[in-house]
Amino acid sequence: MKKRIALSMIMSVLLILLPVIANAHPGRTDSDGGHYCRTNCAKWGLKNGEYHYHNGGGSKSAPAATKKPTVKATTKPTAKPTSKPAATPAPAAIVMPKKQAAGTLQVYFLDVGQGDSTLIRTPSNQYVLIDGGNNSQGADVVKYLKTLGVTTLDAMVATHPDADHIGGLDDVLKALDVKSVYAPKVSHTTQTYKDFLTAVKNEGRTIKAVGKGVKIPLQGVDASFLAPVNTYGDNLNDWSAVLKVTFKSNSFLFTGDAEKASESDMLADGTSLQADVLKVGHHGSNSSTSKAFIDAVKPSYAVISVGKNNYGHPDSGILSRLKNANASVLRTDQKGTITAISDGNKITFTTTKGAGK
C-alpha cells in the first residue's frame with residue numbers, strides 16, 4: 001500500500017515538472033562554456049541548433065554574435081585587409097620636372113631608374129628624345145613628355161638595342177607623333193627590340209641609320225652624331241649613337257653606353273669632343289669614360305643616369321676620375337630628374353629632389 005502511495009506521489013511530481021523539463025534545452029556544456037540549443041530554442045530567441053551560453057539562470061542570444069560567427073571571423077579579417085591599399089604598398093609616384101620658359105636650350109635627364117632617357121627642347125620649341133628606359137618605364141616616359149607639353153617629337157634616337165635604353169620607346173611611338181627615328185645600323189634578337197621595330201613600322205616611319213657626320217636638322221642648334229665611327233660586331237654598347245648638341249657657346253655630349261673601343265675611335269677621328277655637360281657612358285661603368293676621353297671632353301658637369309642595380313654602377317673609380325677632372329657630378333638616383341637650362345652662354349640646373357648644383 002505504501003509503495004503504491006509513493007509511486008503515485010512520484011508520478012504526480014513528474015507530471016508537475018514535465019512542462020519545466022519540456023521547456024529546457026539540455027546539452028552538456030563544452031570547454032568553451034556553451035552548447036547547442038536542442039529544444040524550445042525560439043523561447044530563448046535562438047534558432048534550433050544555435051550555439052549559446054548560459055548566463056546566470058537563463059540563456060542569451062548574444063553568443064550568436066560571438067561563437068557561431070567563428071566561421072565569419074575567419075573570413076572577414078582575411079577579406080578586408082586584402083582590399084586595403086595599406087596591405088599592398090603602391091609604387092612610388094614619379095616626380096614631374098617643371099616646364100621651363102621657351103627661348104633656352106633645355107635638357108631633361110629623366111629619372112627612369114637603371115636606364116637612360118633624355119629629352120631635349122630647343123629654343124625654337126623642337127623636341128628630341130634620346131632613349132626611353134626599360135619596358136616598365138614606357139608609361140612614365142610618356143607621362144613625363146605630356147607633362148612637359150610634348151605632343152610631337154621632331155626626332156627620336158635609339159642609341160643601341162639594349163632594353164634599358166629602347167624598352168619604353170614603343171610606348172612613346174604609340175602615344176606621340178614622332179617625325180623621324182634614328183638608330184645605329186645594328187640589330188638584336190630580343191622581343192624588346194622587335195617591339196621597337198614593329199612600333200616604328202606601325203607609325204609609318206623608317207629608321208635613319210646613324211654614323212659619324214649624320215645630323216638632326218634643328219633650328220638654331222647643331223646636333224651631330226660623332227659615333228659609331230666603325231663597326232663593332234656583337235658589342236652592342238660600342239655601337240651606341242653618340243650625339244653632340246651645341247647651342248651658341250654651350251655644348252652637350254650624349255654617349256649612350258659607348259665603351260672604350262668607341263671612345264678610342266672618336267679620339268682617333270679628331271672631331272672635337274669638348275662639351276660643357278657629359279652624359280656619362282654606360283651609367284658610370286668602368287668599361288666607359290676612359291681618362292683620355294675625359295681629358296678630351298673636359299666637362300664642367302657630368303650627369304649619370306642610374307638606378308638601383310647589381311652592376312656596381314656608378315663605379316667608384318669613375319667617380320674619382322670625374323672628380324679629378326673637376327667635373328660636378330649629378331646622378332638621377334640621387335637627384336631625380338635633372339634639368340639643364342642653357343641660354344647659350346651659361347648653364348643652370350634644377351632637379352626634382354632639391355636644387356641642382
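A polar contact is a pair of N or O atoms within 3.5 Å. Keep that cut-off in hand for the first stop. The model is predicted.

**Stop 1: the start of H9.** Select Asp-315 and helix H9, residues 316-324. Asp-315 caps the N-terminal end of this helix. Show the distance from its side-chain oxygen to the backbone nitrogen of Gly-317: 2.9 Å. Just after H9, Asn-326 has a positive phi of about 65°.

**Stop 2: Ser-285.** Go back to Asp-315 and pick out Ser-285, one of the residues touching Asp-315. Ser-285 sits in the loop between strand S15 (277-279) and helix H8 (291-297). Is Ser-285 buried or exposed? Its relative accessibility is 7%, so Ser-285 is buried, the cut-off being under 20%. Beyond neighbours within four places in sequence, Ser-285 contacts His-313, Asp-315 and Ile-318.

**Stop 3: the aromatic rings.** The whole structure holds six aromatic pairs. Select Phe-109 and Phe-254: their pair is tilted, with 6.2 Å between centres and 35° between planes. Phe-109 belongs to strand S4 (residues 105-109) and Phe-254 to strand S14 (residues 250-254), 145 residues apart. Colour by accessibility. Phe-109 is buried at 2% relative accessible area, and Phe-254 is buried at 4%.

**Stop 4: an edge-to-face pair.** Select Tyr-232 and Trp-239. Their rings lie 6.1 Å centre to centre, with 85° between the planes. Tyr-232 is buried at 12% relative accessibility; Trp-239 is buried at 9%.

Technical notes
Residues numbered from 1 in each chain as written. Predicted model: local features only at pLDDT ≥ 70, side-chain atom pairs only at ≥ 80, totals over all residues. Heavy atoms only, no water. Polar contact = N/O pair within 3.5 Å; in protein donor to acceptor, adjacent residues only side chain to side chain. Helix = DSSP H or I, 4+ residues; strand = E, 2+ residues; numbered from the N terminus. Buried < 20%, exposed > 50% of the residue type's maximum accessible area, 1.4 Å probe, protein only. Contact = heavy atoms within 4.5 Å. Phe/Tyr/Trp six-rings, centres within 6.5 Å; stacked < 30°, edge-to-face > 60°.
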